[in-house]
Amino acid sequence: MGIRQMSYVNQRCGLNSRAARLCRPAMKIHFIAALCLIASLAAQAADFTASLDRDSISLGESATLSLTFQGGQPGNVPTPDVPGLQIVGTGNSSSISFNNGQMSSVVTVTFSVTPQRTGTFTIPPMVADIGGQQIRTAPLQLTVSAPGAATSAQIYSGSQVAFMRLSLPQNKVYPGEVVSGQLQICFRDDVQNEGNFQFTGMPADGFTVGKMAQGGTERTRIGNRVYTVIPVSVALTATRAGTLKFGPVSANVVVVMNGGRNWGPFGGFFGGEQKQISLASDVAAVQSLPLPTQNVPANFNGAVGDYSMTVTAGPTNVAVGDPVTVRVQISGRGDIDSLLLPDQPDWKNFKIFAPTSKTDLSDDLGDEGSKVFEEIVTPDDAGVRELPPFSFSFFDPNDGRYHTLTQPPIPLVVRSAGATPSPTILAARQPEGQAPQDIVSIRENLGALAQAGRPLIVRPAFAALQSIPVLAFLAALVWRKRTDNLANNPRLRRRRAVAQLVARRLEDLNRFAAENKSDEFFAALFHVLQEQLGERLDCPAISITQADVDGRLAAMGAAPDTLNSLRELFQACDQARYAPVQTSQELSALALKFKKTAAELQALKA
Amino acid sequence: MKRCASIFVMILLCAGTLVAADVQSEFSAANRFYAEGKFTEAAKTYEAILKSGTVSANLLFNDGNAEFKAGNLGEAIAAYRRASLLAPQDADIRANLGFARNQVQGPTLRNSGWLRMAGWLSALTLNEWTAAAAIAFWLAFGLYTSMQIKPAWKSRLRGLARVMVFAAFCLCAGLAAAASIHFTQSIAVVLSSDATARSGPFDDAQDEFAVHGGAELSVLDQRNGWVQVSDGNGRIGWLPDRQVRVLPEI
């Protein structure tokens, strides 16, 4: 191999630790080789040159200045300073080459040179110290010209990487008319990518420049090359009569060209070369005709275009001094944003407030859409019966004539200020399926004040109140169960009935004893004894015998004292048939004994 | 003693009447501003009344109108929403809220299913839901209690009681949903004409999405003067709380 070349590009390189470990052996080798080379290079002849990649550029473009140091490392890198030129370092590279045993070292430092004005600039000689030698470069000249439009010959020859064309679709306009300037930005088919597009100049004489809108990209053949065409529309509003000019429009763009990979400082991600290009278009001129001075409507206020109008008003049933909102919507094509609501001289019986407006543009250029005015008017007296006709005049450049749109009068019902207002609900008045045109107007009364406080659902008292029906239901349920239980258990029912009878009879016994009514006392005592024993023994009361009392009560676990007490009570009842007269104290003692005995009987398990 | 109590009650009544008259005169003044087209002044006067603690559906409705006319779409929608919480069946409030919502640009919860359900539930206020559910609850238990007390009425009341239980169940479900929305779901209405939701509650956090005045967003969190919102399409971001009004706040 005749030539071996190693190139080191100085770049900011972030290595992680693993990559750094992998790189260490290679770095050592390179370091040793560099030491050897530096020693051998010391004897090589030194040189220092400066060069521009081109000596003529347009304003807006950049040239590249390269400083090349041969035969050793420079002790200093001079930076030129030229008024009118912005010179910024963009990178450096170094290379060492071996050719048949001879070594050479080249260090290149590059600068981007961007002119700030047109003219011829001289980059003065620069001095560098290489291996102790002071070396001077030759001066360089750079000519900067104003950007100009590409000629047809240049375009059709395919020599232009990019160019811009401008046209106006009309040859006559009227002051106030909006026209659409058409710009075409064309990129040759070998432009891989473009970016940083920026308009640098858009002079307009007699036009107001409005919004811009980009159209769809298309490819077309121009001459012997295929170009990508990006159309851009510009809204231009004529401001005066006479000859109006637009352009030259100038712009800067950075393009990336197709081609071999270039890993230099301007090498892009796709490997193409980046270039900054200045574009300029021709000047487009158009004749602006003055607006006709004949048949000018009285309320014409400068609107130029093609419009339609709708007018609504509401509420239409008001008191004197109440607001009526008049809503005027003007739609169409023209300078929508600058439309003004014309004065209405016929609206004498109304107080008119300054209107508010809202513009709704339907296209990107802003020359089509609608503008809605809302004007508050208040009738001055109750004699007003209608909102007078509303008219709007404009000049249509398509037919060169003035037009007047007139809305018929809108009937109004105007009450005196003291009259009771009738409720009006705009929403209710809207026909089915039709969107409301405005908000419903304000209320005259404050209305019911809202109660402050937490919602009912989180108030403890309200929650506690809800337990009442639940508790009532549970109580009724328990009561119903007990009632049903009693109805289905005759023994239980009899026990309760006898208990109640015993309680009542005890009162009678005490009363009979106190009154010393012996016969009634013993009749009652005998009856209640029979009932109590019949209930306990589950047999008819009248069938109770002494044998039943002794045998069955003893079997139920009755105490001997209880049995004795029963016998004594029965005996007392028997004796009373023959000797009924007893003292009140004796009767009371018997009543007490019966009470005790009855309690003991009721305690027995049946 | 009785005389002192009477005097005290009279003083309270007089003070209340004076305050009411003052509020009514302020309200009328704000209405006059509105009629004269001084919408900003009208809105400020309505706001002053609201700040004094007086709240009514009509007051909020007029405030919404004034804000709308003054071009403050977010404030208008917030006021209409507050008014609709007090009077959910008011056709005017619903009409103006709908009209204002139609002016809102960009992302908003307007078309989300959640908001539609919330709109359906907001046909009644939370207290109205509560009262309706409580009435059905009482009637259902009352009927079953009557059937326990008078078993002979069972055959006649059983059908009605079942209908009432079903009604109570439905109303309680509606109440639960309405309460859930009321207590857990907050809406942030964007007040600024343009605002940018950021990825975190910091001024230098990355931009997530842009919203415009009047947009209604679901509130997910609030922290350090920032509100985390969702636009209903899965996009989440943080907005400074000065740019939004979180509802409900009645």
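**Exercise 1. Confidence in chain A**

What is the mean pLDDT of chain A, and what percentage of its residues reach 70 or more? Determine also where pLDDT stays under 50 in chain A.

*Solution.* The model is a predicted one.
Step 1. Chain A has a mean pLDDT of 79, and 85% of its residues reach 70 or more.
Step 2. Over residues 1-28 of chain A, pLDDT stays under 50; the model has 21 contacts beyond four places in sequence for this stretch.
Step 3. Residues 418-430 of chain A also have pLDDT under 50 throughout, with 20 contacts beyond four places in sequence.
Step 4. Where pLDDT is low, predicted coordinates should not be read in detail.

**Exercise 2. The interface of chain A and chain B**

Describe the contact between chain A and chain B by its residues, its buried area and its polar interactions.

*Solution.* 
Step 1. Chain A contributes 42 residues to the contact, and chain B contributes 47 residues.
Step 2. About 3700 Å² is buried between the two chains, with 66% of that area on carbon and sulfur atoms. On the side of chain A, the three residues A:Ile439, A:Arg443 and A:Leu446 supply 22% of the area buried against chain B, more than any other three residues.
Step 3. There are 3 salt bridges between chain A and chain B. A:Arg443 forms a salt bridge with B:Asp92, at 3.3 Å from N to O.
Step 4. The elements β28 (368-379), α4 (460-465) and α5 (467-487) of chain A each supply at least two residues of the side that touches chain B. The largest share, 9 residues, comes from α5(A).
Step 5. By class, the residues on this side of chain A divide into 27 nonpolar, 9 polar and 6 charged.

**Exercise 3. The surroundings of A:Ser393**

Is A:Ser393 buried or exposed, and with which side chains does its own side chain make polar contacts?

*Solution.* 
Step 1. A:Ser393 lies in strand β30 (residues 390-396) of chain A.
Step 2. The cut-off for a buried residue is under 20% relative accessible area. A:Ser393 has a relative accessible area of 0% and is therefore buried.
Step 3. The side chain of A:Ser393 is in polar contact with that of A:Asn299 at 2.7 Å and with that of A:Thr404 at 2.8 Å.
Step 4. Beyond four places in sequence, the residues that A:Ser393 touches include A:Pro297, A:Phe300, A:Asn301, A:Ala303 and A:His403. A:Asn299 and A:Thr404, the partners in the polar contacts, are also among them.

**Exercise 4. Chain B and the position of B:Ile93**

Summarise the fold of chain B, then locate B:Ile93 and list its contacts.

*Solution.* 
Step 1. Chain B comprises 8 helices and 7 strands. Of its 250 residues, 45% are buried.
Step 2. Among the contacts in chain B with a separation of 6 or more, 59% are between residues 24 or more positions apart.
Step 3. B:Ile93 is placed in helix α5 (residues 91-101) of chain B. Its relative accessible area is 0%, so B:Ile93 is buried.
Step 4. Leaving aside neighbours within four places in sequence, B:Ile93 contacts B:Ala57, B:Phe61, B:Tyr80, B:Ala83, B:Ser84 and B:Ala87, together with A:Arg443 from chain A. A:Arg443 is also the salt-bridge partner of B:Asp92.
Step 5. B:Ile93 and B:Asn65 stand 28 residues apart in sequence; their C-alpha atoms are 9.7 Å apart in space.

Terms used:
Residues numbered from 1 in each chain as written. Chains lettered and ligands numbered in written order. Predicted model: local features only at pLDDT ≥ 70, side-chain atom pairs only at ≥ 80, totals over all residues. Heavy atoms only, no water. Contact = heavy atoms within 4.5 Å. Buried area = accessible area lost by both parts, 1.4 Å probe. Salt bridge = Lys/Arg side-chain N within 4 Å of Asp/Glu carboxyl O. Polar contact = N/O pair within 3.5 Å; in protein donor to acceptor, adjacent residues only side chain to side chain. Helix = DSSP H or I, 4+ residues; strand = E, 2+ residues; numbered from the N terminus. Nonpolar A, V, L, I, M, F, W, Y, C, P; charged D, E, K, R; others polar. pLDDT = per-residue confidence, 0-100. Buried < 20%, exposed > 50% of the residue type's maximum accessible area, 1.4 Å probe, protein only.
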